[in-house]
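Please have the model open while reading.

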Amino acid sequence: MTTTRRVGIIGGVRIPFCRNNTAYADIGNFGMSVKVLGSLVERFGLHGLELGEVAFGAVIKHASDWNLAREAALSSGLAPTTPGITTARACGTSLDNAISIGNKIATGQIEAGIAGGSDTTSDVPIVYSRALQQRLLNVNRQKTPLDKFKAAVRGFSLAELKPGFPGVAEPRTGMSMGDHCELMARQWKISREDQDKLALSSHQKAGAAYDRGFFKDLVVPFRGLERDGFLRADSTLEKLAALKPAFDKASGQGTLTAGNSTGLSDGASAVLLASEEWASGRGLKPKAFLTWSQVAAVDFVHGEGLLMAPTIAVSRMLDAAGLTLQDFDFYEIHEAFAAQVLCTLRAWEDVDYCRNRLGKDKPLGSIDPARLNVNGSSLALGHPFAATGSRIVATLAKLLEEKGSGRGLISICTAGGMGVTAILERP
């Protein structure tokens, strides 16, 4: 991203992420979105202010939520003249929103905006067969009660009443993300033990971060929750090793389990971005700056790993920024699955992959594991799809503020074989 002026990350908030069908089962995306936007308004004194844009997204949503961002903004305490745009790029949604807001700030279109996302797998849209939909539309077109009755019963079959639920499979392959990640784990020879170790580390780091108060100003209590419902800081490798494969249950080679994969989650998050001039006028200081971004996609239908696109996006972004993979103080790699993180790291170290796929004359190399997801990530905190990106942006910005200076890398894989990446810096 080529900027004409710096894009400040002022800060962010989120509600605790929780397992589906628990604390947020009856509230849906709108309620969660209003809560985080309202909390952000409260945190940074934005009551009655007109911002340039609220970019907010959801992956799983009802048709009635087509205008989610605008409706939530109208209930947030912002000026009702603040525009809203509702977006979706699977798990990269809210990082994509931060990039979009950032680009508008950088080029002077707006001075400040909010990026975020919400997702629920508790309140999913349930649809009925196309035959029933057409029948109901036909009934609605009839004039008299008798004609409506005839249209309703003519040729009716009980099979028309069978509901359809949102699928987790890739439309192009019919395979779930977990199934695809199993193939990646085999290709890159990622062991079950290494996956479990990474998962345990994520839980331990997140637990320690809560204990030292790191999340105190990032997580807003909601519905009786103060911590994420997935967090198991007292887990052990023995407990994780006892879990059965969650996707490949038949071959005897499955390595992805409920312990080293993210669970179905509910939650929302949001982050405030602004120009330095706007922030200064409000008495606010950026914690960090959004400086570079990149998206990429892979041809997973014809054999590439579904979740490997961030390896490409990061490589291109490093070239544009004139940086190496080792030039970072923190690495925030979204833990959709422990195997995905490990495949990504291994690919960057692989001579053939970096030469043949990334066009490099040498590998990007390894990173310091002590700098990876230092406060835990999605395996421990949860992964409401559209909420993860802005969670990571707010977390990394605070890390850089605590350190006083530095640079952080964000890498998020998404459904559909895409990757969204970004760099945050604090001079």
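The text below treats the helix pair and then the pockets.

The model is predicted, with local features requiring pLDDT of at least 70 and side-chain atom pairs counted only at pLDDT 80 or more, whereas totals for chains, interfaces and linings use all residues. Residues are numbered from 1 along each chain as its sequence is written, and side-chain values use heavy atoms, with hydrogens and water left out.

Helix 7 (residues 192-211) and helix 11 (residues 338-349) pack with their axes 9 Å apart, at an angle of about 105 degrees, and are therefore roughly perpendicular to each other (65 to 115 degrees). In this packing, Asp194, Gln195 and Leu198 of helix 7 meet Ala338, Ala339, Val341 and Leu342 of helix 11, where contact means heavy atoms within 4.5 Å.

A pocket is an open set of points on a 1 Å grid over the protein atoms alone, where a 1.4 Å probe fits, with protein on both sides within 12 Å along at least five of seven lines; lining residues have an atom within 4 Å of a point.

| Largest | about 1,200 Å³ | Val168, Thr262, Gly263, Leu264 and Phe385 |

For the largest pocket, the elements that give two or more residues to the lining are helix 6 (177-187) and helix 8 (237-241).

Conventions. Axes are lines fitted to C-alpha atoms, for helices over the stretch in contact, and angles run from 0 to 180 degrees between N-to-C directions. Helices (H or I, at least four residues) and strands (E, at least two) are DSSP runs, numbered from the N terminus. Angles under 35 degrees count as roughly parallel, over 145 as roughly antiparallel, 65 to 115 as roughly perpendicular and the rest as oblique. Grid points are joined across faces, edges and corners, and a volume is the space filled by probe spheres set on the points.
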